[in-house]
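Here is a short briefing to read beside the structure. Keep the model open and find each residue as you go.

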Amino acid sequence: MPLNGLVLSIMAFTSFFLFSSLIIAAIAPSLHAQPNQFCEAGIGYGDSSCGDSIPSSSKLLIKGGTVVNAHHQQIADVYIEDGLIVAVNPTITVGDEVRVIDATGKFVMPGGIDPHTHLEFEFMNTVTKDDFFSGQAAALAGGTTMHIDFAIPIDGSLTAGFEAYEKKAQKSCMDYGFHMAITKWDETVAREMELMVEKGINSFKFFMAYKGALMIGDELLLQGLKKCKSLGALAMVHAENGDAIDEGQKKMIELGITGPEGHALSRPPVLEGEATARAIRLADFVNTPLYVVHVMSIDAMEEIAKARTSGQRVIGEPIVSGLALDGSWLWHPDFVTAAKYLMSPPIRKQGHDKALQAALATGVLQLVGTDHCVFNSTQKSLGIDDFRKIPNGVNGIEERMHLVWDIMVESGQISVTDYVRLTSTECARIFNIYPRKGAILPGSDADIIILNPNSSFEVTAKSHHSRVDTNVFEGWRGKGKIEVTISRGRVVWENNELKVAPGTGRYIEMSPFSYLFDGLDKKDASYLNSLQAPVKRAKSTA
Ligand SMILES: *[C@@H]1O[C@H](CO)[C@@H](O)[C@H](O)[C@H]1NC(C)=O
Ligand SMILES: *[C@@H]1O[C@H](CO)[C@@H](O)[C@H](O)[C@H]1NC(C)=O
Ligand SMILES: [Zn+2]
């Protein structure tokens, strides 16, 4: 590219870059405080994983690849400096000090953003195997360069929950953000939600399931929706009817069905459809956007389709296990095999998977998550005599990008630009961090993957990078291999090797009032105008 253009671009983004430097400096102490625990545990990756910082200021040129954004694809070079994309142009020439990666015949795409993960999550009397280091390392090996995790309040306190997750995330090796769960309601929680928005959280999740633990009723959900609307924060729901599930579970136990199949039988699709419909209608009543996490069934998907067709702003997130698998595994005679597929809502019968794929391909559903929440065989065995005690959760953070490519692109259901939209760009837009994330544009963070469409991948628990000892996609082979992952300008995955260090990841603040909120005030005003009330009546005289 012409030198002028390069200089201009650099100048335009100087202030942005200075801002990033400050953040790097701010987290530096944790870089030195944290890393050794991984080395002691023997769980570092790459030469520099035991605390010496990875070179962070690097110049990189990706040459000759097909650069794909959600809006456009072209053959171009991508020039990166100090963690940012500086230029995207058909021909960029550079000096000897710049490392050049040849991407001829390959796709150069924004790194994946996983909107739904649970790292170091304390749940059902245990804690997930993957923490913010191992889960993120696995993510990077699979082409995901950012995730948004669910921070959970402590005894209802959002502030305490946020602080706990800040600590957990100190060992991060890639960028991350938080959603915040809401598990109870009072004036303090309402005030704390404002505080959370100031801290860079722009979404709150409500659980309509897990009675007696995380579940909230309609009254709280309504309060929450109203508060979310006033803050410009996105309301998210885990949509299953918790009261009915409680009944369903009792019924299964009475029938003597105590194994993993009892889990699926106790919470059928109708309960997911019901809660999805209820949440959608309440969000419509409040006139605020709604995000339905882990859409697992045709029942829930059809409620979303109906609402969207009628003009309501509802986002539906399928997850990779729901798209790729069917729930017959829960009937497997081996307990450990069956239990590894157990999550909520359950992975459904054959047919739901294909329907969810079609919904994703046609825009009924908007982006793909994982709900990565892993427990090993020993932890799953806590429920050997009672499915209600099996920790809920499956893997996916490392497999999502490859599987969505295989299931959706290789099968011919979507274009490569759509792939970028569903795995990265739409997530960045919804959570208001686009085009810093989710795009290969000058000024965007250099979070990039290089995918070779002619190579193949295989998933096995032996070769994956997560700390869990099983994999629900075990043995899956497909075409399309992510050969290189670049996280903020650093090559962290190459030649099947990870080079990551704890403490290098950065917290990404997300501002409220994403595009989903544009125009809501106009809709509110036209609603008020339509009421023809109060009717003025002459006072009757007795
Ligand atoms: C992959 O195959 C296609 C079609 O044969 C070819 O055009 C492309 O250059 C190949 N890419 C690589 C990286 O080999
Ligand atoms: C599962 O993790 C626990 C600790 O969290 C450990 O004690 C146990 O040995 C692990 N089991 C397997 C099969 O790796
Ligand atoms: Zn989840």
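Helices are DSSP runs of at least four residues, numbered from the N terminus. By that rule, helix H15 covers residues 377-380, and Gln379 lies in it. The model is predicted. The points below go from its confidence to a ligand shell, then to a residue with a record, and last to an open helix.

**Confidence**
- The mean pLDDT of the protein is 91. A value of 70 or more is reached by 89% of the residues.
- Among the elements, strand S5 (residues 107-110) has the highest mean pLDDT, at 99. Helix H2 (residues 14-33) has the lowest, at 32.
- Residues 1-43 have a pLDDT below 50. In the model, this stretch has 47 contacts beyond near neighbours in sequence.
- Residues 46-57 also have a pLDDT below 50. This second stretch has 27 contacts beyond near neighbours in sequence.

**Around ligand 2**
- Which residues surround ligand 2? They are Asn376, Ser377, Thr378, Gln379 and Asp469.
- By class, this shell has four polar residues and one charged residue. It has no nonpolar residues.

**Gln379, one of the shell residues**
- Is Gln379 buried or exposed? Gln379 counts as buried because it has 21 C-beta neighbours inside 10 Å. The cut-off for buried is 20 or more.
- Leaving out residues up to four places away in sequence, Gln379 touches Thr126 and Pro391.
- Gln379 and Lys340 are 39 residues apart along the chain. Their C-alpha atoms are separated by 10.0 Å.

**Lys205**
- Lys205 has its place in strand S11, which covers residues 203-207.
- An unreviewed UniProt entry places the feature "modified residue: N6-carboxylysine" at Lys205. This label comes from the record, and such annotations may be inferred rather than shown by experiment.
- Why does Lys205 count as buried? It has 22 other C-beta atoms within 10 Å, and 20 or more is enough.
- Lys205 touches Phe150, His179, Ala181, Ile182, Met236, His238 and Val293. Residues up to four places away in sequence are not counted here.

**Helix H18**
- Helix H18 covers residues 520-530. How many of its eleven residues are buried? The number is zero, so the helix lies largely in the open.
- Just after H18 comes Gln532, which takes a positive phi of about 50°.

Conventions
Residues numbered from 1 in each chain as written. Chains lettered and ligands numbered in written order. Predicted model: local features only at pLDDT ≥ 70, side-chain atom pairs only at ≥ 80, totals over all residues. Near = placed C-beta within 6 Å. Nonpolar A, V, L, I, M, F, W, Y, C, P; charged D, E, K, R; others polar. Helix = DSSP H or I, 4+ residues; strand = E, 2+ residues; numbered from the N terminus. Buried ≥ 20, exposed ≤ 12 C-beta atoms within 10 Å, placed from the backbone. Contact = placed C-beta atoms within 7 Å. pLDDT = per-residue confidence, 0-100.
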